[in-house]
Amino acid sequence: MAQRSQAIQQLLDAEKKAGDIIEASRKAKGRRLRQAREEATIEVDECRRLQEEEFRTIVSQNQGSGDDFKNAVDRETEHQLRTVAHQVAMNRHSVISRLLELVTDVKPEIHENLRLSARPGGC
């Protein structure tokens, strides 16, 4: 019987040792996961920082060219407005004369619709 209780005690000790080993293994796995998560977070933050820096550089480079483009468009618009104003000034009198000529030179004619209805068989 002493041998039996000693065997049972050895089994209980072995089971306790196995439980301790499993628990230590789980704790080590948890530590490794936390460490991997921290390293991944650091790596992601560094990558994000680099991408944001690159983005800011590109935006600052393009911002200047956007202002240049806006200035070029403004200059072209001003040039076109001056050209139109010059053409208006040059042609104003001739256009007004032509309009007055067309308005005052009335030639009485019978309208085409009246001519069609005046025909025999017309509506």
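A salt bridge here is a side-chain nitrogen of Lys or Arg within 4 Å of a carboxyl oxygen of Asp or Glu. This is a predicted model, where local features need pLDDT of at least 70, side-chain atom pairs count only at pLDDT 80 or more, and totals for chains, interfaces and linings use all residues. Residues are numbered from 1 along each chain as its sequence is written, and side-chain values use heavy atoms, with hydrogens and water left out.

**View 1. E23 and K27 meet in a salt bridge.** The N to O distance is 3.4 Å. Both residues belong to helix 1, four residues apart, about one turn of the helix; helices are DSSP runs (H or I, at least four residues), numbered from the N terminus. E23 is partly exposed because its relative accessibility is 42% (buried means under 20% relative accessible area, exposed over 50%, partly exposed in between, with a 1.4 Å probe and protein chains only).

**View 2. D20 pairs with K16 in a salt bridge.** Their closest N and O atoms are 3.7 Å apart. With a relative accessible area of 55%, K16 is exposed, whereas D20, at 41%, is partly exposed.

**View 3. R98 and E101 form a salt bridge.** Here the closest N and O atoms are 3.3 Å apart. The two are three residues apart in helix 1, so about one helical turn separates them.

**View 4. E46, R49 and E53 are linked in a network of salt bridges.** The structure holds eight salt bridges.
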